[in-house]
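Here is my notebook from an afternoon of looking things up, one entry per topic. Have the structure open while you read along.

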Amino acid sequence: MTKFFGRSVKAATIAAMLSATMLSPALADTTLKFVSWQVDDAGTGDWWKAAIAAFEESHPGVTVEFTKVERAAYADTMTTLFAGGQPPHIVHLASFEYQSFAENGWMENLGPWLEKDGIDTAGWAGQGKCVWSGETACIMLNYFGFIMAYNKAILDKEGLAVPTSYAEFLDVARKTTKDLNGDGITDQFGTGHETKGGAGQYLTEMLSYILDAGAYWTDADGKVTIDTPEMVEGLTRWKTVVKEGLTPVDMSAGDIRKLFADGKVALRLDGPWLYGTMQKGAAAADTVVAVPPFTPPVGGSSNVLGMASEISDEEKALVWDFVKLVMSPEWQRKYATIGKNTPPSPAADVSGVEKEVPHFPLLIETMKAAAAANVDRIPTGLEIQYNEFGKMVQEEVQRMLIEDLDPADVVKTMQARAEAIQKG
């Protein structure tokens, strides 16, 4: 199996600290180690702490040590812990990084545990992305669907309806991109996308146009499917939006969200987290959430839960009890009420959540639509190479924009490069 080397000094230092403080053998009652980047997160962190308290109450003598590692150092730190034979018992990872751990044999196959307790994961959003080499390496904790937000005041001023298709979206974006003060500089944009950040976010920003055109990077078997008429159409749409100046350029996703929240952007496609920024913006009274005009909506897996394979059977049984707890309908509902997240479980009762999050039914709707279409930001067959793949796509798309290349030629280059990356 593949082994990982070249870890950063920072990660090794953090790992050494964790080893000394939280991974030493328990002297008395059992202690389960649980490392996460979400310990202090509002909502999600509160949900984790409440679940841990409930688990400890039902398991006298068992303690869960919930320790934070910053997201920037997370993957390197977890790799160092696992490679050093000191993994946390409860394994929390981003959905785009668990594959390397599973490939190394570090993730317990949860299939037999699910089967033993008769737990059916049918309809569990994004769960198919937790299958690696034919085994269930994890449980999907968070899977989201995109929404569209719009500025009602801007659309009303132009006499425009809320768009329900790409053609209507493009028309609205064109008619609301304006130089409002006559200085020759656009200061109100029809839409907004990140165009300068990391490859992962860049590809996510493009994905609405690509999916709606009927394209995607790979098929269900992992075969690269970039050189297609549908992908040409998807890239043409992205090129149109950027080249016509319908979006600001050289801004991060955070900058774009703030521009939208402050009334400088008419339409924004984004995940559920946009709502919090909208509420704090200068145009909060004018911004509204709606069904995205693209089919299927962008969807994405976020983070997963599993157990380390190299712990004792007794510890595995306890970890499984914790996993079962957070998978239960009761705690999946609390994932919505406490965590303010869309629960992946189809059995979760989310009635009443809309009292605090008015558009929560829409979040559930788009999550289910994306999951039904098996949409994810991480393409099948390129999971481990995703960073390299993403950088390649971003390079080629930016070259297309700068050199005004024909998308029909660009897809051929991208196809060849993606196949080479996949073959290693």
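**Entry 1: E158**

I looked up E158 and found it partly exposed, at 29% relative accessibility. E158 sits in helix α6, residues 152-158. Helices here are DSSP runs of H or I with at least four residues, strands are runs of E with at least two, and both are numbered from the N terminus. I noted that the model is predicted, so local features need pLDDT of at least 70 and side-chain atom pairs count only at pLDDT 80 or more, while totals for chains, interfaces and linings use all residues. Residues are numbered from 1 along each chain as its sequence is written, and side-chain values use heavy atoms, with hydrogens and water left out.

Which residues does E158 touch, leaving out those up to four places away in sequence? I found K175, T176 and K178, where contact means heavy atoms within 4.5 Å. The C-alpha atoms of E158 and K175 are 7.6 Å apart, and the two residues are separated by 17 residues along the chain.

**Entry 2: salt bridges**

I like the general idea first: side chains of opposite charge can pair when their charged atoms come close. The rule I used is a side-chain nitrogen of Lys or Arg within 4 Å of a carboxyl oxygen of Asp or Glu. How many salt bridges does the structure hold? The structure holds 26 of them.

I looked at E108 and K316, which form a salt bridge at 2.9 Å, N to O. This pair links distant parts of the chain, 208 residues apart: E108 is in the loop between α4 (98-103) and α5 (111-116), and K316 is in helix α12. E108 counts as buried at 14% relative accessibility, and K316 is buried too, at 10%.

Next I checked R174 and E244, whose closest N and O atoms are 2.8 Å apart in a salt bridge. R174 is in helix α7 (residues 166-176) and E244 is in the loop between α9 (229-243) and α10 (253-261), 70 residues apart. R174 is partly exposed at 41%, and E244 is partly exposed at 41% as well.

Then came D270 and R257, a salt bridge with its closest N and O atoms 2.6 Å apart. D270 lies in strand β9 (residues 265-270) and R257 in helix α10, so the pair ties together parts that are 13 residues apart in sequence. Are they buried or exposed? Both D270 and R257 are buried.

I also wrote down a network of salt bridges that links K116, D117, D321 and K324.

**Entry 3: T204**

T204 is in helix α8, residues 199-212. I found T204 buried, with a relative accessible area of 6%. A polar atom of its side chain lies 2.9 Å from the backbone oxygen of G200. Not counting residues up to four places away in sequence, T204 touches F146 and R377.

**Entry 4: the nonpolar core**

A nonpolar core is a set of buried Ala, Val, Leu, Ile, Met, Phe, Trp, Tyr and Cys residues joined through side-chain atoms within 4.5 Å. The largest one has 124 residues, and W217, L235 and F389 touch the most other members. Helix α12 (residues 313-327) gives the most to this core, with eight residues.

Note on methods
Buried means under 20% relative accessible area, exposed over 50%, partly exposed in between (1.4 Å probe, protein chains only). A polar contact is a pair of N or O atoms within 3.5 Å; within protein, one must be able to donate a hydrogen and the other to accept it, and residues adjacent in sequence count only if both atoms are side-chain atoms.
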